[in-house]
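I opened this entry to keep track of what I looked up, item by item. The structure goes in first, and the notes follow.

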Amino acid sequence: MEPKTGFGPFDSRAVANRILDVADRKGWSLTMMQLTKLVYFAHGWWLAYTGGQPLTKDGAEAWQYGPVYRQIYDAFRKHGSSPIDSRALDQGTGFRFDDKFSPTVMDFLTSVVESYGQRHAFQL
């Protein structure tokens, strides 16, 4: 069965950018460790919600302090442990990573951020 347009799988950097957008609207800042864990949680919850449809095209790696998407790490490594104040950009074009997220996916990502976004990275 072919997935519906706007329901994934998406580039993990596009998902990260949307999560950062939601957090910004709420007045919350996120570190890279929080962000990668939120993308991981969103991916896992999306798998459960859709019966196995992946949210991201990219796989997470097991690192010392939790799951890390290499693509997200590379895009935001300059921030270190500081709050992220930018978005992941395509190095070739300079445009932000973005995908056409359906309203269902946007609501879903908002719910993930509202549920987990204010937790410290080590609580996640």
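**Salt bridges**

I began with Lys 26 and Glu 114, whose side chains meet in a salt bridge at 3.0 Å, N to O. Lys 26 lies in helix 1 and Glu 114 in helix 4, so this pair ties together parts that are 88 residues apart in sequence. Lys 26 counts as partly exposed because its relative accessibility is 35%. Glu 114 is also partly exposed, with a relative accessible area of 45%. I note here that the model is predicted.

I then searched the whole structure and found eight salt bridges. One of them joins the side chains of Asp 98 and Arg 18 at 2.9 Å, N to O. Asp 98 sits in the loop between helix 3 and helix 4 and Arg 18 in helix 1, so the pair ties together parts 80 residues apart in sequence. Is Arg 18 buried or exposed? Arg 18 is buried, because its relative accessible area of 17% falls under the 20% cut-off. Asp 98, at 40% relative accessibility, counts as partly exposed.

Next I looked up Arg 87 and Asp 21, whose side chains meet in a salt bridge at 2.8 Å, N to O.

I turned to Lys 37, which is placed in helix 2, residues 32-50.

**Nonpolar core**

I looked for the largest nonpolar core and got 32 residues, with Ile 19, Leu 35, Phe 76 and Leu 109 having the most contacts inside it. Helix 1 (12-26), helix 2, helix 3 (70-76) and helix 4 (103-116) each supply at least two residues of this core. I noted the background: in soluble globular proteins, nonpolar side chains tend to be buried together. Leaving out residues up to four places away in sequence, Ile 19 touches Leu 30, Leu 35, Leu 38, Val 39, Leu 109 and Val 113.

**Largest pocket**

I computed the space in the largest pocket at about 320 Å³. Its lining has 17 residues, and the closest to the pocket centre are Met 32, Met 33, Thr 36, Tyr 65 and Gly 80. Which element gives the most to the lining? Helix 2 does, with four residues. I also recorded that helix 2 and strand 2 (66-68) each supply at least two residues of the lining.

**An exposed glycine**

I ended on Gly 92, which is found in the loop between helix 3 and helix 4. Gly 92 is exposed because its relative accessible area is 72%, and the cut-off is over 50%. I took the C-alpha to C-alpha distance from Gly 92 to Trp 63: the two are 28 Å apart in space and 29 residues apart in sequence.

Terms used: Residues are numbered from 1 along each chain as its sequence is written. This is a predicted model: local features need pLDDT of at least 70, side-chain atom pairs count only at pLDDT 80 or more; totals for chains, interfaces and linings use all residues. Side-chain values use heavy atoms; hydrogens and water are left out. A nonpolar core is a set of buried Ala, Val, Leu, Ile, Met, Phe, Trp, Tyr and Cys residues joined through side-chain atoms within 4.5 Å. Buried means under 20% relative accessible area, exposed over 50%, partly exposed in between (1.4 Å probe, protein chains only). Contact means heavy atoms within 4.5 Å. On a 1 Å grid over the protein atoms alone, a cavity is a set of points where a 1.4 Å probe fits but cannot get out, and a pocket is an open set with protein on both sides within 12 Å along at least five of seven lines; lining residues have an atom within 4 Å of a point. Grid points are joined across faces, edges and corners, and a volume is the space filled by probe spheres set on the points. A salt bridge is a side-chain nitrogen of Lys or Arg within 4 Å of a carboxyl oxygen of Asp or Glu.
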